[in-house]
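Subject: Structure handover

Hi,

Here is the structure I promised to pass on. Please open it alongside this note.

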Amino acid sequence: MRLGLLYARSRSALAAGAVLLALCAAAALAGSWLVARPSLEPATARLPVTVALALAAAVVLAGTLHSPAHELERTTPRSWAVWRAGHATAAALGAVVAVLPVLPAAEHGQQALVRNTAGLLGLALLTAAALGPRLAWTLPLGYTATVYLAGSPGTGAGRPLWAFLLQPAGSAPAVPVALVLLAAGVATWAATARLQMR
Amino acid sequence: MKRALQVELRRGVGICTALPLAVALALIVLAHPRDWAGDWYGWGCYLRTSLIVLGPLVVAAAAWQGGRERRRDLTELLRSASRPALQRAGLSLASPAAWALAAFLTVGLAMAAVTAQHTSYGRPPLVLALSAAAAVLMLASVGFLAGRLSPWRVTAPLLALVTYVVTGAASYSGAGWRYLSPGVELFSGDVPAPWWPALSAAGFLAVAAGAVLLLADDERRWLAVPALGLAVLAAAPIVRTGQHAFSPDAVAEQLVCADGEPPVCLTRRHADQLPEVAAAVQTVLAGLGTSGPVLEQRFGEGLRDPRGVLNPLYLGADLSGHADLDVVRGDAAQRAVPWSCAGESYPPDDRLGAATYELTGWVRDRPPPPYDGVLAGRTAAQVLDLVKQFAAVASRCDLPAARALLAFRP
């Protein structure tokens, strides 16, 4: 227990959790404001929130992946792959619990937000495994920024797959894409525990 | 100085971000050729629109560069050098700013090469490109300063998110300052901008970039105050006049018409596309005659039509620069059944709405029989006759007559 707390403190997990909760509160207000705009279609008004909050959650939680004493940790006789897998899984569960009450169930609401959060967190974990935890935010940010404008309706086949962030709640292909990204992210992040990462 | 600049350009964050930035920008412009490939004004406006995406990425890259000295523990070492603080900051900023500009200009030039092949009117609005380039510099400066001041690891991505929200939110505002936002197009409706609002925005953004850079200089931070004053002065013209600054380009909006039934007109900006567009509209509406209230009018684009009401046509261009004829055909077909019910262009009856959709779809594609739905059991000639009669009752919103034509039960 004590070791777990020390692990969490060394990665600023509590600060990240507090920031995530503040972002969720702001996003809930933004969602209500958007849906009250008469100029916006009620079904799609919350789409920006389902994307922006998911990205913010992934980025903030990816910030906890960095260890200030990675070299030291590697010398200890512990299975860091298990710790890393546990960390990533806990981050995913925490993110889902935090974003769940932000939006009501709707076409672009609760389910889409949870799916996007899982997918982007998985992407952040994959990036952390490839580029190091300090740069874990780069791919989720670049992907989200590009897809949000390039993935608007009518842009061709395969869109539910490559633009899963923008799909409505009922879109069947988007959910597996997000889950595969999350599973791949957790597995890759855990599997690279022995590598030197900064 | 030159050597230090070369080193920064080769070793800084910027060189790693140039390719991803260019790819992101290219994906966006390739996904929306209709918005920019048709004419020069669309090109200039889309350069600014693309900053909604490019801007946050530039801010993030610059913020990461701004935090480099702290991450690498180089602050003390660099301060001990004889180089002035402002020069050090400028050199460090040069890497993300210059490479972001290079990515932006490369994609912008590629877009211009596509647009140039297909537009017959006007010249590239370079002042719009200038204001977009100034915005890239300003965003890089803001990101750099924030990255330098904030020790938090997630400053760069969160700042990018804030930039995205702010640039997006500015487009919802009606105030004059919205035109200073990097991503807001410098136009009002379909009215193109004259040169000076873009120059005002460019001046503001460039001077603001310098002012932000001065804030990074511990010794001469006070110079940022007069610089910000200059930026406000540069912004004053566009902030004060807002959308009143925009006036239509009378020559560009002149209509050029093609003969035929019905007449089709395009603005001078798109006059080169008139033959293909006119042929598409006239083919779709062939055989419908000129007795209907809509077909007596003309089809085309443009803001004003001194000779009567103009049925609007939307001319999206694809990457080949040609009008999207599927869209044009769809627009023309919709006018073949012109509902006019209490100011609405659709009937207050779902079944009639669905029937209208089937009829306009037939007008657009003219498929051979057999048909289904409301067209079931009819020949092509009978459907053509039905469309004519249906158009007549739709134009006076005669719902019982429309139902009777389609043998709907009440």
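Below is what turned up, taken chain by chain and contact by contact. Keep in mind that this is a predicted model.

**Chain A**

Chain A is helical: it has 9 helices and 0 strands. Its pattern along the sequence is α-α-α-α-α-α-α-α-α. The C-alpha atoms fill a box of roughly 60 × 35 × 20 Å along the principal axes.

**The interface of chain B and chain A**

Chain B puts 22 residues into the contact, and chain A puts in 23. Together the two chains bury about 2,000 Å², with 78% of that on carbon and sulfur atoms. Which three residues supply more of the area that chain B buries than any other three? They are W64(B), R153(B) and L161(B), with 27% of it.

The largest share comes from α9(B), with 6 residues. By class, this side of chain B has 18 nonpolar, 2 polar and 2 charged residues.

Polar links across the interface are as follows. The count of salt bridges between chain B and chain A is 0. Polar contact is found for 2 residue pairs, both at pLDDT 80 or more.

**Salt bridges**

Over all chains, the whole structure has 5 salt bridges.

- R68(B) pairs with E8(B), with the closest N and O atoms 2.9 Å apart. R68(B) is in helix α5 and E8(B) is in helix α1 (residues 2-11), so this pair ties together parts that are 60 residues apart in sequence. Both ends are buried: R68(B) has a relative accessible area of 17%, and E8(B) has 13%.
- R403(B) pairs with D349(B), again with closest N and O atoms 2.9 Å apart. This one links helix α16, which holds R403(B), to the loop between α13 (325-334) and α14, which holds D349(B); the two residues are 54 apart. R403(B) is partly exposed at 23% relative accessibility, whereas D349(B) is buried at 13%.
- R364(B) and D365(B) meet through their side chains at 3.0 Å, N to O. R364(B) is partly exposed at 36%. D365(B) is partly exposed too, at 48%.

R48(B) sits in helix α3 of chain B. Is R48(B) buried or exposed? Its relative accessibility is 0%, so R48(B) counts as buried; the cut-off is under 20%. Its side chain reaches the backbone oxygen of Y179(B) at 3.0 Å.

L213(B) lies in helix α10 (residues 195-215). L213(B) is buried as well, with a relative accessible area of 19%. Setting aside neighbours within four places in sequence, L213(B) is in contact with L86(B), A89(B), G90(B) and L93(B). A89(B) is 124 residues away along the chain, yet its C-alpha atom and that of L213(B) are separated by 7.2 Å.

**Backbone points to check in chain B**

A cis peptide bond joins P369(B) and P370(B), with omega about 5 degrees. P370(B) falls in the loop between α14 (350-365) and α15 (380-395).

Which residues have a positive phi although they are not glycines? D73(B) is one of them, with phi about 60 degrees. D73(B) sits in the loop between α5 (68-71) and α6 (75-79) and is exposed, with a relative accessible area of 67%. C397(B) is another, with phi about 55 degrees. C397(B) lies in the loop between α15 and α16 (399-405) and is partly exposed at 23%.

Best wishes

Conventions. Residues are numbered from 1 along each chain as its sequence is written. Chains are lettered from A and ligands numbered from 1 in the order in which they are written. This is a predicted model: local features need pLDDT of at least 70, side-chain atom pairs count only at pLDDT 80 or more; totals for chains, interfaces and linings use all residues. Side-chain values use heavy atoms; hydrogens and water are left out. Contact means heavy atoms within 4.5 Å. Buried area is the accessible area (1.4 Å probe) that two parts lose on being put together, summed over both. A salt bridge is a side-chain nitrogen of Lys or Arg within 4 Å of a carboxyl oxygen of Asp or Glu. A polar contact is a pair of N or O atoms within 3.5 Å; within protein, one must be able to donate a hydrogen and the other to accept it, and residues adjacent in sequence count only if both atoms are side-chain atoms. Helices (H or I, at least four residues) and strands (E, at least two) are DSSP runs, numbered from the N terminus. Ala, Val, Leu, Ile, Met, Phe, Trp, Tyr, Cys and Pro count as nonpolar, Asp, Glu, Lys and Arg as charged, and the others, Gly among them, as polar. Buried means under 20% relative accessible area, exposed over 50%, partly exposed in between (1.4 Å probe, protein chains only).
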